[in-house]
Amino acid sequence: PHNKPTHTDSLENAHTFMHTQMREPALAAAYFSAAAYCKPDAVKAWSCGVNCSGITDGTTVISYFAFPNYDTTGYVAVNAAMRWIVVAFRGSESLY
């Protein structure tokens with residue numbers, strides 16, 4: 001006999017999808033965002049620890065920018081394996 005899917009099965013499938021299909025991009029976005037707070041040389045070389053390894057490994061920084069008058073920085077990068085173009089911005093650290 002064929003088992004008919006239940007409401008619980010549908011919820012389980014949705015949870016599995018969320019975990020596998022959406023977790024990695026969300027983590028990558030968090031790491032890319034956190035990397036904007038690393039030292040400029042580390043960002044440019046994509047070597048700023050956990051933010052620049054694992055899921056974000058292989059990222060190439062195309063441009064790093066800083067606006068000293070506003071105490072802000074950011075970068076534009078590409079990760080070919082993920083097929084992502086990243087624009088990350090660090091807001092000012094001096095304003096609270």
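Me: Is cysteine 48 buried or exposed?
Reply: Happy to start there! In this predicted model, local features need pLDDT of at least 70, side-chain atom pairs count only at pLDDT 80 or more, and totals for chains, interfaces and linings use all residues. Residues are numbered from 1 along each chain as its sequence is written, and side-chain values use heavy atoms, without hydrogens and water. Buried means under 20% relative accessible area, exposed over 50%, and partly exposed in between (1.4 Å probe, protein chains only); with a relative accessible area of 12%, cysteine 48 is buried.

Me: Which cysteine does a disulfide join to cysteine 48?
Reply: A disulfide is a pair of cysteine sulfur atoms within 2.5 Å. Cysteine 38 is in no disulfide, and its nearest cysteine sulfur, that of cysteine 48, is 3.2 Å away. At an S to S distance of 2.2 Å, the residue joined to cysteine 48 is cysteine 52.

Me: In β2, what is the bridge partner of serine 63?
Reply: Strands (E, at least two residues) are DSSP runs, as are helices (H or I, at least four), numbered from the N terminus. Two strands pair if DSSP finds at least two bridges between them; 7 bridges join the antiparallel strands β1 (residues 60-67) and β2 (residues 72-79). In β2, the partner of serine 63 is valine 76.

Me: Which residues have the most contacts inside the largest nonpolar core?
Reply: A nonpolar core is a set of buried Ala, Val, Leu, Ile, Met, Phe, Trp, Tyr and Cys residues joined through side-chain atoms within 4.5 Å. The largest one has 16 residues, and those with the most contacts inside it are Trp46 and Tyr75.
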